[in-house]
Amino acid sequence: MKKRCAIVGASLGGFRSAQELRKAGFDGEIVLIGEESHPPYQRPPLSKQLLKGTSPVERCYLRGNISEPYSRKLGVRATSIDPLEKNITLSNDTTVEYDYAVISTGARPITFPKVPPSSRVIYLRNIEDSVRLRDQLKQHVRIGVVGAGFIGSEVAASVSGLVKQVVLFDGDEHPMSKVVGPYLSQTLKTVHQNNGVETVFGAPVSIVDSETEDVVWIETPSQRHPFDVVVIGVGVKPATQWLRSVDSLKFDEVGALLADDKGKVYGAEALYVVGDASSWLHPLYQRHIHVEHFESTVNQASQVAKNITNTPRDAPELPFAWTEQHGRLIQTVGVRMADSKDEVIHRSGHALVVLFHSSDKVTGAAVFDASEELSWAKAAVLSSLRKEPD
Amino acid sequence: MKIEVDFDRCQSNAICMQIAPSVFEVREDGYLYVLIETPEESLKPLVEKAAASCPTQAIKII
């Protein structure tokens, strides 16, 4: 009897898990379940090339096929799981039984209370959100972007020049400061300003979207700005609510499902988790780390497939992320802890690397517009993390 | 030496093409093409530099 692996979530983590299972020799049935009706796609272009109109929707679709026996159930959502009976209930009241299951349900945007998504208030997460925003980019349009993390900062950069006005708001003093630290954050803020993005930072923001008015207002304690379109990117929350009724599962403080260093979920047999919904024990950090980036998801999919098929797995990799804004590239490796002491290093020429120090270790690094320095930064982090304490 | 590109990860930044144009080409259609999948050893330094410099780390040498 062939085994069946059910994969819940048909985006990057889910599709890659299916591909990696085949690559690792899994010849059983694969069932891919996803609530979106698109073929599996990746999200990095949604705030960049797709939004700017330089890439079509098709360019977001993931490449490759999954060989038979393989079935897709798209447009349906998993509503609950029974890890003891090993079955998953779907929103169309059907049930999928499994021998192994991979959770890859990703995350959902955090929403402002009383500010639901509409034609002019966009929480960017899906292809539809990106296309809806793209179709409104006209020279007379004013766009307000709330939240200067990865998504908000990229959106502001992508639409600048395509619209009349773009204003980036954040309660922090600088963009992406938690991820890249204050130094690069200040650099990035200047890059935004030099490229036509207005910035309003360091003040709490509220949004007023009233049907009786032609504009959406973004308000800070001292200012009030009218916009034709408002984009909100104030972070995401792991889409794990549907698992909460299972008492044996454990979640971290943001709601990510906890798993060991091979992606096996604690408190359940043959259940694995990858991507934005997960928080894996990372052997190099000896703690659980929740990462919301492409690279980690892809690596996790490969690890889980090897785990399921008992294939020797690769050495653990450092989290990696990149962002491109106004033609400038920022790459990060590892993690920047909340108590990080940042060390700014000027490498050859204009190359800039920031090392993140915490508890006598270099836990991560960011590289500004100098991808040739990434290997050096990565090696600095790895050697520090692997070093035994004195 | 064999070159493996993760084409989902690749965003066609074309840095690799600038460094090793005999091996990597980003064409008009916006996609990267690997011209030689198993380049000879003399190209190794260039290919390694291209892989290390890739903004999205999409190139692996195996």
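Author: Gladly! Helices (H or I, at least four residues) and strands (E, at least two) are DSSP runs, numbered from the N terminus. This is a predicted model, in which local features need pLDDT of at least 70 and side-chain atom pairs count only at pLDDT 80 or more, while totals for chains, interfaces and linings use all residues, and side-chain values use heavy atoms, without hydrogens and water. Residues are numbered from 1 along each chain as its sequence is written, and chains are lettered from A and ligands numbered from 1 in the order in which they are written.

Reader: What makes the phi of D93(A) worth a remark, and where is D93(A) found?

Author: Most residues other than glycine have a negative phi, and most peptide bonds are trans. D93(A) is not a glycine, yet its phi is positive, at about 65°. D93(A) sits in the loop between β5 (87–90) and β6 (95–97) of chain A. There is also a cis peptide bond, between E68(A) and P69(A), with omega about -5°. P69(A) belongs to the loop between α2 (49–52) and β3 (70–74) of chain A.

Reader: Why is the pair F26(A) and Y100(A) given its particular class of aromatic pair?

Author: Rings of Phe, Tyr and Trp (its six-membered ring) pair if their centres lie within 6.5 Å, and planes under 30 degrees apart count as stacked, over 60 as edge-to-face and the rest as tilted. The rule gives 2 aromatic pairs over all chains. For F26(A) and Y100(A) the centres are 6.2 Å apart and the planes stand at 80°, so the pair is edge-to-face. F26(A) lies in the loop between α1 (12–23) and β2 (29–34) of chain A, and Y100(A) in strand β7 (residues 100–103), so the pair links distant parts of the chain, 74 residues apart.

Reader: How do you know that E295(A) and R9(B) form a salt bridge?

Author: The rule asks for a side-chain nitrogen of Lys or Arg within 4 Å of a carboxyl oxygen of Asp or Glu. Between E295(A) and R9(B) the N to O distance is 2.4 Å, so the pair qualifies. Another salt bridge joins R16(A) and D6(B), at 2.6 Å from N to O. That pair crosses from helix α1 of chain A to the loop between β1 (3–5) and α1 (15–19) of chain B. Across the interface of chain A and chain B there are 3 salt bridges.

Reader: What makes up the side of chain A that touches chain B?

Author: Elements giving two or more residues to that side are α6 (294–308), β22 (320–325), β23 (328–334) and α7 (374–386) of chain A. The largest share, 4 residues, comes from α6(A). Contact means heavy atoms within 4.5 Å, and by that rule 23 residues of chain A and 16 residues of chain B take part.

Reader: How much area do chain A and chain B bury between them?

Author: Buried area is the accessible area (1.4 Å probe) that two parts lose on being put together, summed over both. For chain A and chain B this is about 1600 Å², 39% of it on carbon and sulfur atoms. R59(A), R63(A) and W322(A) lose the most area on the side of chain A, together 34% of what that side buries.

Reader: How much area is buried between domain 1 and domain 3 of chain A?

Author: Domain bounds come from an automatic or database domain assignment, which gives domain 1 (4–108 + 236–308), domain 2 (111–232) and domain 3 (327–386) in chain A. Domain 1 and domain 3 of chain A bury about 480 Å² between them, 75% of it on carbon and sulfur atoms. In domain 1, L284(A), Y285(A) and R287(A) lose the most area to domain 3, together 90% of what that side buries.
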